[in-house]
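Colleague: I am new to this structure and would like to go through it with you. Please show it first.

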Amino acid sequence: MTQMYGTPVVTDMKVIPVAGYDSMTLTLSGAHSAIFTRNLVILTDNSGNTGVGEVHGGEEIRKSLEASIPFVVGSQIGAYRQTIQKIQNARTGKLSDEEADGLQKLSLKNLQFVVQSETAVESALLDLLGKFTNQPVAALLGNGLQRKAVTILGYLFYIADKSKADQPYISESDSSNPWFKRRREVAMDAAAIVELAQASKEHYGFKDFKLKAGVLEGEKEILACQELKKHFPDARINIDPNGAWYLEEAIELCKDQHHVLTYVEDPCGPEAGFSGREIMAEFKDATGFQLATNMIATNWRQFNHAVKLKAVDIPLADPHFWTMEGSVRVAQLCHDWGMTWGSHSNNHFDISLAIFTHVAAAAPGEITAMDTHWIWQEGQHLSKEPLVIKDGQIAIPDAPGLGIEIDMDKVMKANELYNSLKFKGRDDSIAMQYLIPGWTFDSKKPCMVR
(Lines give C-alpha, C1' and ligand atoms only; values in the text may rest on other atoms or scores of the structure.)
Protein backbone atom coordinates (compact mmCIF):
# COMPACT_ATOMS: atom_id res chain seq x y z
CA MET A 1 0.00 0.00 0.00
CA THR A 2 1.38 3.40 -1.01
CA GLN A 3 1.73 5.87 1.84
CA MET A 4 0.03 9.18 1.11
CA TYR A 5 1.84 12.41 1.97
CA GLY A 6 -0.87 14.88 1.13
CA THR A 7 0.97 16.34 -1.86
CA PRO A 8 -0.02 16.06 -5.52
CA VAL A 9 0.87 13.03 -7.62
CA VAL A 10 2.83 13.13 -10.88
CA THR A 11 0.52 12.05 -13.70
CA ASP A 12 2.77 12.52 -16.73
CA MET A 13 6.48 12.79 -17.55
CA LYS A 14 7.75 13.92 -20.93
CA VAL A 15 11.41 13.76 -22.00
CA ILE A 16 12.02 16.16 -24.87
CA PRO A 17 15.45 16.52 -26.50
CA VAL A 18 16.08 20.04 -27.81
CA ALA A 19 18.77 21.95 -29.67
CA GLY A 20 19.93 25.53 -30.07
CA TYR A 21 22.57 27.58 -31.87
CA ASP A 22 26.03 28.42 -30.59
CA SER A 23 29.08 30.48 -31.49
CA MET A 24 32.30 28.84 -32.67
CA THR A 25 33.84 29.21 -29.23
CA LEU A 26 37.08 27.42 -28.46
CA THR A 27 38.24 25.30 -25.53
CA LEU A 28 40.93 22.72 -24.93
CA SER A 29 38.54 20.09 -26.31
CA GLY A 30 38.11 21.89 -29.63
CA ALA A 31 35.48 24.15 -31.18
CA HIS A 32 31.83 24.30 -30.21
CA SER A 33 29.64 23.08 -33.03
CA ALA A 34 27.03 25.36 -34.56
CA ILE A 35 24.30 23.51 -32.67
CA PHE A 36 24.25 22.29 -29.06
CA THR A 37 21.80 19.82 -27.54
CA ARG A 38 19.99 19.46 -24.22
CA ASN A 39 17.31 17.26 -22.68
CA LEU A 40 14.18 18.61 -21.00
CA VAL A 41 11.89 16.96 -18.48
CA ILE A 42 8.32 18.23 -18.20
CA LEU A 43 6.13 16.86 -15.40
CA THR A 44 2.42 17.34 -14.81
CA ASP A 45 0.71 16.60 -11.50
CA ASN A 46 -2.92 15.99 -10.61
CA SER A 47 -3.35 19.53 -9.35
CA GLY A 48 -2.76 20.80 -12.89
CA ASN A 49 0.72 22.25 -12.30
CA THR A 50 3.69 21.80 -14.61
CA GLY A 51 7.30 21.36 -13.48
CA VAL A 52 10.37 21.60 -15.71
CA GLY A 53 13.98 20.51 -15.70
CA GLU A 54 16.96 20.57 -18.07
CA VAL A 55 20.20 18.64 -18.36
CA HIS A 56 22.91 17.90 -20.93
CA GLY A 57 22.04 16.58 -24.38
CA GLY A 58 22.59 13.32 -26.19
CA GLU A 59 20.80 10.05 -26.69
CA GLU A 60 22.38 8.24 -23.74
CA ILE A 61 21.09 10.85 -21.30
CA ARG A 62 17.70 10.89 -23.03
CA LYS A 63 17.43 7.11 -22.64
CA SER A 64 18.48 7.36 -18.99
CA LEU A 65 15.71 9.89 -18.35
CA GLU A 66 13.11 7.79 -20.13
CA ALA A 67 14.13 4.80 -18.02
CA SER A 68 13.23 6.81 -14.91
CA ILE A 69 9.62 7.42 -15.96
CA PRO A 70 8.21 4.42 -14.00
CA PHE A 71 9.78 5.80 -10.80
CA VAL A 72 8.35 9.28 -11.33
CA VAL A 73 4.84 8.88 -12.68
CA GLY A 74 2.53 8.07 -9.78
CA SER A 75 4.94 9.41 -7.16
CA GLN A 76 4.12 12.09 -4.61
CA ILE A 77 5.94 15.33 -5.31
CA GLY A 78 6.54 15.71 -1.57
CA ALA A 79 8.52 12.46 -1.68
CA TYR A 80 10.91 13.76 -4.34
CA ARG A 81 14.02 12.71 -2.40
CA GLN A 82 12.85 9.10 -2.30
CA THR A 83 12.03 9.25 -6.01
CA ILE A 84 15.51 10.51 -6.91
CA GLN A 85 17.06 7.86 -4.68
CA LYS A 86 15.11 5.13 -6.49
CA ILE A 87 16.40 6.42 -9.83
CA GLN A 88 19.98 6.47 -8.54
CA ASN A 89 19.69 2.99 -7.03
CA ALA A 90 18.43 1.62 -10.33
CA ARG A 91 21.44 2.92 -12.25
CA THR A 92 23.48 0.04 -13.60
CA GLY A 93 26.93 -0.36 -15.05
CA LYS A 94 30.45 0.10 -13.72
CA LEU A 95 32.92 2.59 -15.12
CA SER A 96 35.95 1.25 -16.90
CA ASP A 97 39.36 2.41 -15.72
CA GLU A 98 39.48 4.95 -18.55
CA GLU A 99 35.98 6.26 -17.85
CA ALA A 100 36.73 6.49 -14.12
CA ASP A 101 39.10 9.39 -14.84
CA GLY A 102 35.95 11.44 -15.30
CA LEU A 103 36.92 14.91 -16.51
CA GLN A 104 40.52 14.95 -15.20
CA LYS A 105 41.72 14.97 -18.81
CA LEU A 106 38.62 16.74 -20.16
CA SER A 107 37.54 13.77 -22.26
CA LEU A 108 34.05 14.85 -23.31
CA LYS A 109 33.03 11.28 -24.07
CA ASN A 110 33.03 10.83 -20.28
CA LEU A 111 30.46 13.59 -19.73
CA GLN A 112 27.65 11.04 -19.69
CA PHE A 113 29.35 9.37 -16.71
CA VAL A 114 29.69 12.67 -14.81
CA VAL A 115 26.33 14.27 -15.59
CA GLN A 116 23.56 13.23 -13.21
CA SER A 117 20.61 13.00 -15.59
CA GLU A 118 18.20 12.80 -12.65
CA THR A 119 18.91 16.48 -11.94
CA ALA A 120 16.33 17.29 -14.63
CA VAL A 121 13.77 15.15 -12.78
CA GLU A 122 14.74 16.66 -9.43
CA SER A 123 14.33 20.17 -10.83
CA ALA A 124 10.90 19.42 -12.25
CA LEU A 125 9.75 17.83 -8.97
CA LEU A 126 11.02 20.77 -6.94
CA ASP A 127 9.33 23.14 -9.38
CA LEU A 128 6.05 21.34 -8.72
CA LEU A 129 6.60 21.28 -4.96
CA GLY A 130 7.42 24.98 -4.93
CA LYS A 131 4.20 25.75 -6.75
CA PHE A 132 2.22 23.55 -4.34
CA THR A 133 3.73 25.20 -1.25
CA ASN A 134 3.95 28.69 -2.83
CA GLN A 135 7.71 28.92 -2.25
CA PRO A 136 10.71 29.41 -4.52
CA VAL A 137 12.79 26.30 -5.14
CA ALA A 138 15.72 27.89 -3.26
CA ALA A 139 13.59 27.87 -0.09
CA LEU A 140 13.21 24.07 -0.41
CA LEU A 141 16.94 23.32 -0.70
CA GLY A 142 19.43 22.92 2.15
CA ASN A 143 18.74 25.46 4.89
CA GLY A 144 16.52 27.52 2.61
CA LEU A 145 16.89 30.83 0.83
CA GLN A 146 20.22 32.50 1.69
CA ARG A 147 20.20 35.47 -0.71
CA LYS A 148 17.68 37.23 -2.92
CA ALA A 149 20.09 37.80 -5.81
CA VAL A 150 23.00 35.81 -7.24
CA THR A 151 26.17 37.38 -8.68
CA ILE A 152 27.15 36.21 -12.17
CA LEU A 153 30.53 36.52 -13.90
CA GLY A 154 31.17 37.32 -17.55
CA TYR A 155 32.31 34.07 -19.17
CA LEU A 156 34.66 34.95 -22.06
CA PHE A 157 35.80 32.66 -24.89
CA TYR A 158 38.11 32.87 -27.85
CA ILE A 159 36.00 32.59 -31.01
CA ALA A 160 37.17 31.05 -34.29
CA ASP A 161 36.21 32.18 -37.79
CA LYS A 162 32.87 30.49 -38.48
CA SER A 163 33.16 31.19 -42.21
CA LYS A 164 35.81 28.48 -42.40
CA ALA A 165 33.35 25.80 -41.24
CA ASP A 166 30.63 24.13 -43.26
CA GLN A 167 28.20 24.29 -40.35
CA PRO A 168 25.07 26.44 -39.80
CA TYR A 169 26.61 28.99 -37.44
CA ILE A 170 24.32 32.00 -37.15
CA SER A 171 25.28 35.65 -37.54
CA GLU A 172 23.93 38.56 -35.57
CA SER A 173 25.86 41.24 -37.45
CA ASP A 174 22.65 43.27 -37.91
CA SER A 175 21.75 43.26 -34.20
CA SER A 176 21.47 46.59 -32.42
CA ASN A 177 22.59 44.88 -29.21
CA PRO A 178 26.40 45.29 -28.94
CA TRP A 179 26.81 41.99 -27.09
CA PHE A 180 24.64 39.94 -29.46
CA LYS A 181 26.48 41.45 -32.41
CA ARG A 182 29.96 40.75 -30.97
CA ARG A 183 29.42 37.22 -29.63
CA ARG A 184 29.28 35.56 -33.08
CA GLU A 185 32.39 37.21 -34.54
CA VAL A 186 36.07 36.26 -34.47
CA ALA A 187 37.92 36.90 -31.20
CA MET A 188 41.44 35.48 -31.22
CA ASP A 189 43.61 37.97 -29.34
CA ALA A 190 43.71 40.02 -26.15
CA ALA A 191 42.14 43.10 -27.75
CA ALA A 192 39.17 41.06 -28.95
CA ILE A 193 38.72 39.50 -25.49
CA VAL A 194 38.57 43.00 -24.00
CA GLU A 195 35.94 43.93 -26.62
CA LEU A 196 33.84 40.93 -25.59
CA ALA A 197 34.18 41.88 -21.94
CA GLN A 198 33.15 45.47 -22.62
CA ALA A 199 30.13 44.45 -24.70
CA SER A 200 28.99 41.94 -22.07
CA LYS A 201 29.50 44.47 -19.28
CA GLU A 202 27.37 47.02 -21.13
CA HIS A 203 24.55 44.52 -21.59
CA TYR A 204 24.68 42.56 -18.33
CA GLY A 205 26.57 44.79 -15.92
CA PHE A 206 29.25 42.22 -15.10
CA LYS A 207 31.84 43.15 -12.50
CA ASP A 208 33.89 39.92 -12.74
CA PHE A 209 35.27 37.96 -15.70
CA LYS A 210 36.56 34.49 -16.48
CA LEU A 211 38.61 33.59 -19.54
CA LYS A 212 38.34 30.10 -21.01
CA ALA A 213 41.94 29.27 -21.85
CA GLY A 214 43.61 26.12 -23.20
CA VAL A 215 43.28 27.62 -26.70
CA LEU A 216 46.44 29.62 -27.49
CA GLU A 217 49.94 29.60 -25.99
CA GLY A 218 49.71 30.24 -22.25
CA GLU A 219 51.66 33.50 -22.49
CA LYS A 220 49.04 34.96 -24.85
CA GLU A 221 46.22 33.94 -22.55
CA ILE A 222 47.88 35.49 -19.51
CA LEU A 223 48.36 38.64 -21.60
CA ALA A 224 44.62 38.67 -22.27
CA CYS A 225 43.98 38.52 -18.51
CA GLN A 226 46.43 41.36 -17.96
CA GLU A 227 44.58 43.46 -20.54
CA LEU A 228 41.25 42.66 -18.86
CA LYS A 229 42.63 43.83 -15.52
CA LYS A 230 43.99 46.99 -17.13
CA HIS A 231 40.60 47.86 -18.61
CA PHE A 232 38.54 46.66 -15.63
CA PRO A 233 40.79 47.32 -12.59
CA ASP A 234 38.08 46.56 -10.03
CA ALA A 235 37.11 43.24 -11.62
CA ARG A 236 37.89 39.83 -10.20
CA ILE A 237 39.66 38.01 -13.06
CA ASN A 238 40.24 34.28 -13.29
CA ILE A 239 41.45 31.91 -15.98
CA ASP A 240 40.53 28.31 -16.82
CA PRO A 241 42.84 26.34 -19.16
CA ASN A 242 41.13 23.03 -18.25
CA GLY A 243 44.38 21.47 -17.04
CA ALA A 244 46.18 22.12 -20.34
CA TRP A 245 49.37 23.41 -18.74
CA TYR A 246 52.11 21.24 -17.30
CA LEU A 247 52.88 21.97 -13.67
CA GLU A 248 56.16 23.84 -14.28
CA GLU A 249 54.58 25.84 -17.09
CA ALA A 250 51.53 26.71 -14.97
CA ILE A 251 53.73 27.90 -12.11
CA GLU A 252 55.86 30.03 -14.42
CA LEU A 253 52.80 31.57 -16.10
CA CYS A 254 50.92 32.41 -12.91
CA LYS A 255 53.42 32.93 -10.09
CA ASP A 256 53.77 36.70 -10.64
CA GLN A 257 50.13 37.38 -11.56
CA HIS A 258 48.59 37.93 -8.13
CA HIS A 259 47.88 41.54 -9.10
CA VAL A 260 45.86 40.25 -12.08
CA LEU A 261 44.27 36.92 -11.16
CA THR A 262 41.97 36.49 -8.17
CA TYR A 263 42.06 32.70 -8.39
CA VAL A 264 42.97 30.07 -10.98
CA GLU A 265 40.70 27.28 -12.24
CA ASP A 266 42.24 23.92 -13.19
CA PRO A 267 45.61 25.31 -14.35
CA CYS A 268 47.13 21.83 -14.55
CA GLY A 269 46.04 18.20 -14.48
CA PRO A 270 47.39 14.65 -14.35
CA GLU A 271 51.01 14.15 -15.35
CA ALA A 272 53.98 11.90 -14.68
CA GLY A 273 51.84 9.30 -12.94
CA PHE A 274 50.24 11.77 -10.53
CA SER A 275 46.57 12.66 -10.42
CA GLY A 276 45.21 16.11 -11.10
CA ARG A 277 44.57 16.50 -7.39
CA GLU A 278 48.22 15.92 -6.51
CA ILE A 279 49.48 18.22 -9.28
CA MET A 280 47.03 20.97 -8.32
CA ALA A 281 48.18 20.76 -4.70
CA GLU A 282 51.78 21.24 -5.85
CA PHE A 283 50.76 24.26 -7.94
CA LYS A 284 49.02 25.81 -4.94
CA ASP A 285 52.07 25.25 -2.72
CA ALA A 286 54.30 26.89 -5.33
CA THR A 287 52.15 29.93 -6.12
CA GLY A 288 49.85 30.54 -3.15
CA PHE A 289 46.85 30.93 -5.48
CA GLN A 290 43.38 29.83 -4.50
CA LEU A 291 42.26 27.06 -6.84
CA ALA A 292 38.87 26.33 -8.38
CA THR A 293 37.92 23.10 -10.14
CA ASN A 294 35.21 21.34 -12.05
CA MET A 295 37.58 18.56 -13.16
CA ILE A 296 39.29 16.96 -10.15
CA ALA A 297 36.32 16.91 -7.75
CA THR A 298 33.16 15.91 -9.58
CA ASN A 299 31.86 13.37 -7.06
CA TRP A 300 32.04 12.81 -3.31
CA ARG A 301 35.02 10.44 -3.38
CA GLN A 302 37.06 12.82 -5.55
CA PHE A 303 35.98 15.77 -3.40
CA ASN A 304 37.18 13.95 -0.27
CA HIS A 305 40.66 13.39 -1.72
CA ALA A 306 40.88 16.91 -3.17
CA VAL A 307 40.09 18.47 0.21
CA LYS A 308 42.53 16.21 2.07
CA LEU A 309 45.29 17.19 -0.35
CA LYS A 310 44.29 20.88 -0.11
CA ALA A 311 44.08 20.85 -3.90
CA VAL A 312 40.90 22.92 -4.12
CA ASP A 313 39.56 26.05 -2.45
CA ILE A 314 36.56 26.66 -4.71
CA PRO A 315 34.73 23.52 -5.85
CA LEU A 316 32.53 24.42 -8.81
CA ALA A 317 29.65 22.12 -7.95
CA ASP A 318 27.53 22.22 -11.09
CA PRO A 319 24.09 20.87 -10.09
CA HIS A 320 24.00 18.91 -13.35
CA PHE A 321 27.02 16.96 -12.04
CA TRP A 322 26.01 16.83 -8.37
CA THR A 323 22.19 17.16 -8.44
CA MET A 324 20.65 20.27 -6.91
CA GLU A 325 20.59 18.83 -3.38
CA GLY A 326 24.15 17.56 -3.80
CA SER A 327 25.44 20.92 -4.99
CA VAL A 328 23.92 22.64 -1.96
CA ARG A 329 25.48 19.98 0.30
CA VAL A 330 28.88 20.88 -1.19
CA ALA A 331 28.11 24.53 -0.41
CA GLN A 332 27.24 23.67 3.19
CA LEU A 333 30.55 21.83 3.61
CA CYS A 334 32.41 24.76 2.05
CA HIS A 335 30.74 27.09 4.53
CA ASP A 336 31.64 24.84 7.48
CA TRP A 337 35.21 24.21 6.33
CA GLY A 338 36.17 27.78 5.35
CA MET A 339 36.06 27.15 1.59
CA THR A 340 34.22 28.97 -1.18
CA TRP A 341 31.43 27.43 -3.26
CA GLY A 342 30.92 28.08 -6.96
CA SER A 343 29.23 26.51 -9.97
CA HIS A 344 30.54 25.37 -13.34
CA SER A 345 28.41 25.76 -16.46
CA ASN A 346 27.87 24.28 -19.91
CA ASN A 347 25.88 25.38 -22.95
CA HIS A 348 22.31 25.60 -21.74
CA PHE A 349 18.85 27.10 -22.11
CA ASP A 350 16.95 29.28 -19.64
CA ILE A 351 15.61 26.35 -17.61
CA SER A 352 19.13 25.45 -16.50
CA LEU A 353 19.73 29.14 -15.81
CA ALA A 354 16.90 28.96 -13.28
CA ILE A 355 18.33 25.74 -11.80
CA PHE A 356 21.77 27.35 -11.31
CA THR A 357 20.23 30.45 -9.79
CA HIS A 358 18.08 28.69 -7.19
CA VAL A 359 20.96 26.43 -6.14
CA ALA A 360 23.26 29.44 -5.73
CA ALA A 361 20.54 31.26 -3.78
CA ALA A 362 20.41 28.34 -1.35
CA ALA A 363 24.21 28.06 -0.96
CA PRO A 364 25.21 29.35 2.51
CA GLY A 365 28.15 31.56 3.37
CA GLU A 366 30.68 32.95 0.93
CA ILE A 367 30.15 31.99 -2.69
CA THR A 368 32.00 33.09 -5.80
CA ALA A 369 30.38 34.64 -8.85
CA MET A 370 28.50 31.92 -10.76
CA ASP A 371 29.51 30.68 -14.21
CA THR A 372 26.90 30.62 -16.93
CA HIS A 373 26.99 30.09 -20.70
CA TRP A 374 23.56 31.71 -20.94
CA ILE A 375 25.01 34.93 -22.33
CA TRP A 376 26.05 32.94 -25.44
CA GLN A 377 22.58 31.44 -25.86
CA GLU A 378 20.29 34.25 -24.71
CA GLY A 379 17.51 34.94 -27.19
CA GLN A 380 16.71 31.25 -27.64
CA HIS A 381 14.14 31.16 -24.85
CA LEU A 382 12.21 28.03 -23.92
CA SER A 383 10.30 29.85 -21.17
CA LYS A 384 7.92 32.78 -21.57
CA GLU A 385 9.82 35.14 -19.27
CA PRO A 386 13.35 33.83 -18.56
CA LEU A 387 15.40 35.10 -15.65
CA VAL A 388 17.35 38.28 -16.40
CA ILE A 389 20.97 39.19 -15.68
CA LYS A 390 21.00 42.84 -14.62
CA ASP A 391 23.82 44.75 -12.91
CA GLY A 392 25.76 41.48 -12.89
CA GLN A 393 23.13 39.67 -10.85
CA ILE A 394 20.03 37.51 -11.21
CA ALA A 395 17.23 38.27 -8.76
CA ILE A 396 15.24 35.35 -7.37
CA PRO A 397 11.80 35.59 -8.99
CA ASP A 398 8.85 36.66 -6.88
CA ALA A 399 7.03 33.50 -7.96
CA PRO A 400 6.79 29.93 -6.69
CA GLY A 401 8.90 27.04 -7.96
CA LEU A 402 11.61 27.94 -10.46
CA GLY A 403 9.72 31.11 -11.29
CA ILE A 404 9.50 30.40 -15.03
CA GLU A 405 6.74 29.15 -17.32
CA ILE A 406 7.57 26.77 -20.16
CA ASP A 407 6.76 27.89 -23.72
CA MET A 408 5.75 24.67 -25.49
CA ASP A 409 5.71 26.25 -28.96
CA LYS A 410 9.37 27.18 -28.61
CA VAL A 411 10.20 23.83 -27.01
CA MET A 412 8.77 21.95 -29.96
CA LYS A 413 10.67 24.14 -32.43
CA ALA A 414 13.87 23.36 -30.52
CA ASN A 415 12.87 19.69 -30.66
CA GLU A 416 12.46 19.91 -34.44
CA LEU A 417 15.99 21.29 -34.70
CA TYR A 418 17.25 18.40 -32.56
CA ASN A 419 15.47 15.82 -34.71
CA SER A 420 17.05 17.30 -37.84
CA LEU A 421 20.54 16.48 -36.57
CA LYS A 422 22.36 13.42 -37.83
CA PHE A 423 24.73 13.44 -34.85
CA LYS A 424 22.98 14.27 -31.60
CA GLY A 425 25.86 14.06 -29.16
CA ARG A 426 28.81 16.34 -28.55
CA ASP A 427 32.17 16.11 -30.27
CA ASP A 428 34.18 19.34 -30.37
CA SER A 429 36.78 17.75 -32.64
CA ILE A 430 34.38 17.86 -35.61
CA ALA A 431 34.37 21.64 -36.04
CA MET A 432 38.12 21.75 -35.35
CA GLN A 433 38.78 19.82 -38.58
CA TYR A 434 37.82 22.96 -40.51
CA LEU A 435 40.44 24.97 -38.61
CA ILE A 436 43.22 22.36 -38.41
CA PRO A 437 42.76 19.34 -40.70
CA GLY A 438 43.40 16.06 -38.92
CA TRP A 439 43.11 17.73 -35.51
CA THR A 440 42.85 15.37 -32.54
CA PHE A 441 42.34 16.12 -28.87
CA ASP A 442 45.39 16.26 -26.62
CA SER A 443 44.80 17.13 -22.97
CA LYS A 444 48.23 18.81 -22.80
CA LYS A 445 48.09 20.87 -25.99
CA PRO A 446 45.97 24.03 -26.30
CA CYS A 447 43.54 23.42 -29.14
CA MET A 448 45.09 25.94 -31.57
CA VAL A 449 48.68 24.89 -30.82
CA ARG A 450 49.57 22.07 -33.20
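Modeller: A definition to begin with: contact means heavy atoms within 4.5 Å. This is a predicted model, where local features need pLDDT of at least 70, side-chain atom pairs count only at pLDDT 80 or more, and totals for chains, interfaces and linings use all residues. Residues are numbered from 1 along each chain as its sequence is written, and side-chain values use heavy atoms, with hydrogens and water left out.

Colleague: Is methionine 13 buried or exposed?

Modeller: Methionine 13 lies in strand β1, residues 10–21 (strands, E, at least two residues, and helices, H or I, at least four, are DSSP runs numbered from the N terminus). Beyond its neighbours within four places in sequence, methionine 13 is in contact with residues including Val41, Leu65, Val72 and Val121. Buried means under 20% relative accessible area, exposed over 50%, and partly exposed in between, with a 1.4 Å probe and protein chains only. At a relative accessible area of 6%, methionine 13 is buried.

Colleague: Which residues touch the most other members of the largest nonpolar core?

Modeller: A nonpolar core is a set of buried Ala, Val, Leu, Ile, Met, Phe, Trp, Tyr and Cys residues joined through side-chain atoms within 4.5 Å. The largest one has 145 residues, and the members that touch the most others are Leu261 and Phe283.

Colleague: Which helix gives the most to this core?

Modeller: The largest nonpolar core holds 145 residues. The element that gives the most to this core, with 9 residues, is helix α14 (residues 350–362).

Colleague: How many residues apart are lysine 210 and aspartate 371?

Modeller: Lysine 210 and aspartate 371 form a salt bridge, with their closest N and O atoms 2.5 Å apart (a salt bridge is a side-chain nitrogen of Lys or Arg within 4 Å of a carboxyl oxygen of Asp or Glu). The pair links distant parts of the chain, with lysine 210 in strand β8 and aspartate 371 in the loop between α14 and α15. Lysine 210 counts as buried at 0% relative accessibility, and aspartate 371 counts as buried at 1%.

Colleague: Which helix holds both glutamate 59 and arginine 62?

Modeller: The side chains of glutamate 59 and arginine 62 meet in a salt bridge of 2.6 Å, N to O. Glutamate 59 is partly exposed at 25% relative accessible area, whereas arginine 62 is buried at 16%. The two residues are 3 apart, about one turn of the helix, and both lie in helix α1.
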